[in-house]
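Welcome! Take a look at the display below, and then we will go through it topic by topic.

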Amino acid sequence: MTDIKKVDEVSGTTTTGHEWDGIYELDTPMPRWWLWTMYGTIIWGVIYMVLYPAVPLLDDNTKGTLGYSSRAEVAQSIADAAKAQSGLRSKLEAASLQEIKADPQMLSFAKAGGKAAFKVNCVQCHGSGAEGAKGNPNLNDDDWLWGGSLEDIHETIKHGIRFEQDDDTRISDMPAFGRDEMLTEEQVDDVAAFVLSLSDTSAQKTETGAKLYADNCSSCHGDKGQGNRELGAPALNDQIWLYGGDKASVVQSIHSSRAGVMPAWAHRLDKLTIKQLAIYVHALGGGE
Amino acid sequence: MNIKSSIERFDVQAVNRDGSQKLFQPPKKIYPKRVEGLFRQLKWLIMTVTLAVYYLTPWLRWDRGDYAPDQAVLVDLANRRFYFFFIEIWPQEFFFVAGLLIMAGIGLFLLTSVWGRVWCGYACPQTVWVDLFLVVERFFEGDRNQRIKLDTAPWSFDKIQKKLSKHIVWLLIALATGGAWIFYFADAPTLARDFLSFQAPWVAYSTVFILTSTTYVLGGFMREQVCTYMCPWPRIQAAMLDEKSLVVTYNDFRGEPRTAHRKQALKDGQPIGDCIDCNKCVAVCPMGIDIRDGQQMECITCALCIDACDSVMDKIGKPRGLVSYATLEEYDKAKAGTPVENHVPILFRPRTLLYSAIWCLIGLSMVLVLATRSRLDVNVLHDRNPLAVQLKDGSVRNGYTVKILNMEPKPHKALFTMKGFENAKMRIENLGSQTFTSGQEIELELAPDQLRVLKIYVTVPAQFLPKSDLDFQFEAKIPQTNDSHVTDTRFHLKKR
């Protein structure tokens, strides 16, 4: 290929010298304002570099004369949002749980705040939809170990369950009947069968099972297995099993006991956040 | 090996040999001359109508009752509503706007395939505003020759005064243009008052500033450069034109050989064409091109050269139409001696019929959808996490967020029902602890032009649990208007 610059006859414009199969590329000059536009963007770029953070340095970057920082902007937005909420926040702080529940504006604010706090602090155990898991209660249902009223939920969040660092935490200890040799293996088996029959009439049960239950379990779980919220003793006559409702799981519960721990949040979250959490959890559908 | 063959010779020359190579070229200023004629009249008319539509539309009122704004055309971004006379659309009905844009696109294709670049020549905002700016320029600086003289003259009080007045009026027009735009997005009289008293939101001022600048720069300075270098349409439209599309044509078989010295040529016995080479067609061209060079990308087919040439032909007593609107086909026929007078046949050919058919199809389907659309809607969002909740007594509960949309700017009483779900109980959280069964109607107040959100729990007792997940419906109806809407949803048995 030979590069020959020549003047194109038709257009009168010089060619670039590139030629492909007899087709030449015209070297048509660009309009000059186009050049000015480019100079404009360069000037803009220089001004921008002076005014805003721009040049990366070894361990930092230039700050720019305007002192702009996206971090500061976020902080400002957060501060603005907090300021905008401050009226409602102080109203919520002063109000009782029942007052918040009765006021649509406060209720929706508390639910939104509670939802956000739940996503940060509670989902690790209770799940992102509060649907729970084995050993971690589902908060959507109507079964409550320690009570499902607003005040009960609030108390549980505030002081936790079996959380030793909190003096007001609620504790209940179920004996490990098998491990501590209070009952023999056959006796545990009999009690388990009786416990299952409380919620399922078709299940097989024995007289010994009934007697052992009455002697060892009914003081906390009630004679019909209705449970006792004062003691955090779960109802055994319903369809909800925190640790599984099959025979083996129930046997294991009786043999080794169960003692889930919920942390007290009074030390880590402010009062308003705990209030909002209580409202949120109560409004999940099972609140009493 | 001798010396001669060991030295390589290069076939190269210095790039600046001819001394004229320019990387960047200054635009040549164009001084379009004023011209009178049929197409100029048409352009005045279209300019007046389009400018009037643009500036005045936001000020038209349209009564929609107490619950909606009374501005005829309003894009209410804050409340996410779009009002166009008797039509109100919600964001989810944006397909109407999309449909209109598609129709505009296909309409443009259709116009282009039939009449060439009429959009560019007559209706494009760039053309209209440049025309308007030229009117101002002529008013202060005179016509073509006076403007050229003024530009080459040294600076004087008179020149400064003329230039300054022109730019002030240009800026005022630009300001009015940018200003009119914002009125489409808020109540015009209120915004105008706020704007003038510096109470309007900053976005209004910045929008006006940007549009004022672009109008001033594009209309006053960039002009034909916008069409040639910035706009994609001149490049695309080549694909829309064919030998049956109208273009501005110089009938060279009649005009050539052109001469400005007709008497001398006649005396010499040389052949002469009708073109007297007066260059008036070039002088009036807003793009600064010579139509006698043939079809060019720069030509916006404004037909001002036709007006110019016709006026000259009238003067020298020759028939009009040396420069005329003609298709390539007509040009060929005319050249062969069988001129075509009638443009009608070009309307009917596969391409235009296809464009028209698509255009009508979209238009008709939109009209149909618009005429039959319901102003009541029910959206159901099933709780996803968890899908289902097992309760103490063995019953299963599902949660739903139901949104009832009253898209009319009037309050309504609606009847809400759960349908097709025997033995299930529905509780509406917003209405307290009362439960409702399938088919039971619940009266709800719907606020005008708003949606009402209901949190609903549906519970099925253990003994009635279906064997598998089950479909049922939520229905809302407004007895007063006979409007109703049913939405299907599902009841799940397992939490995931």
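Which domains does the domain assignment of chain A give? The assignment gives domain 1 (72–169 + 262–282) and domain 2 (185–256). Please keep in mind that this is a predicted model.

**Domains of chain A**

- The centres of domain 1 of chain A and domain 2 of chain A, taken over C-alpha atoms, are separated by 33 Å.
- In the contact between these two domains, domain 1 of chain A takes part with 10 residues and domain 2 of chain A with nine residues.
- On the side of domain 1 of chain A that touches domain 2 of chain A, five residues are nonpolar, two are polar and three are charged.

**Domains of chain B**

- Chain B is divided into domain 1 (38–238), domain 2 (242–341) and domain 3 (376–491).
- Between the centres of domain 1 of chain B and domain 3 of chain B, taken over C-alpha atoms, there are 49 Å.
- Five residues from domain 1 of chain B and five residues from domain 3 of chain B make up the contact between them.
- The side of domain 1 of chain B that touches domain 3 of chain B has three nonpolar residues, one polar residue and one charged residue.

**Where the chains meet**

- Chain B has 24 residues in contact with 23 residues of chain A.
- On the side of chain B that touches chain A, two or more residues come from each of β1 (24–25), α10 (224–230), β8 (389–390) and β9 (396–406) of chain B.
- Sorted by class, that side of chain B has 10 nonpolar, eight polar and six charged residues.
- β1(B) also pairs with a strand of the other chain: two bridges link it in the parallel sense to strand β3 (residues 30–31) of chain A.
- In this pairing, A:M30 stands opposite B:F24 in β1(B).

**A sheet in chain B**

- An open sheet of three strands runs in the order β2-β3-β4 (chain B), with antiparallel pairing.
- β2 (73–76) and β4 (87–89) of chain B are at the edges with a single partner strand each, so each has one side without a neighbour in the sheet.
- From one strand to the next, the twist averages 10 degrees.
- β2(B) and strand β3 (residues 81–84) of chain B run antiparallel and are joined by four bridges.
- B:D76 has B:R81 in β3(B) standing opposite.

**Nonpolar cores**

- The largest nonpolar core holds 40 residues, and B:V248, B:C281, B:V284, B:L304, B:C305 and B:V323 have the most contacts inside it.
- At least two residues of this core come from each of several elements of chain B, including α5 (125–141), α7 (157–182), β5 (247–250) and β6 (323–326).
- α15(B) gives the largest share of this core, with five residues.
- Domain 1 (38–238) and domain 2 (242–341) of chain B each supply at least three residues to this core.
- Not counting residues up to four places away in sequence, B:V284 touches B:P32, B:K33, B:V35, B:L304, B:C305 and B:A308.
- Another core, of 26 residues, lies apart from the largest one, and among its residues are B:F416, B:L446, B:L454 and B:I456.
- As a general background, nonpolar side chains tend to be buried together in soluble globular proteins.

Key
Residues numbered from 1 in each chain as written. Chains lettered and ligands numbered in written order. Predicted model: local features only at pLDDT ≥ 70, side-chain atom pairs only at ≥ 80, totals over all residues. Domains from an automatic or database assignment. Contact = placed C-beta atoms within 7 Å. Nonpolar A, V, L, I, M, F, W, Y, C, P; charged D, E, K, R; others polar. Pairing = 2+ DSSP bridges. Axes fitted to C-alpha atoms, helices over the stretch in contact; angles between N-to-C directions. Core = buried A, V, L, I, M, F, W, Y, C linked by C-beta atoms within 7 Å. Buried ≥ 20, exposed ≤ 12 C-beta atoms within 10 Å, placed from the backbone.
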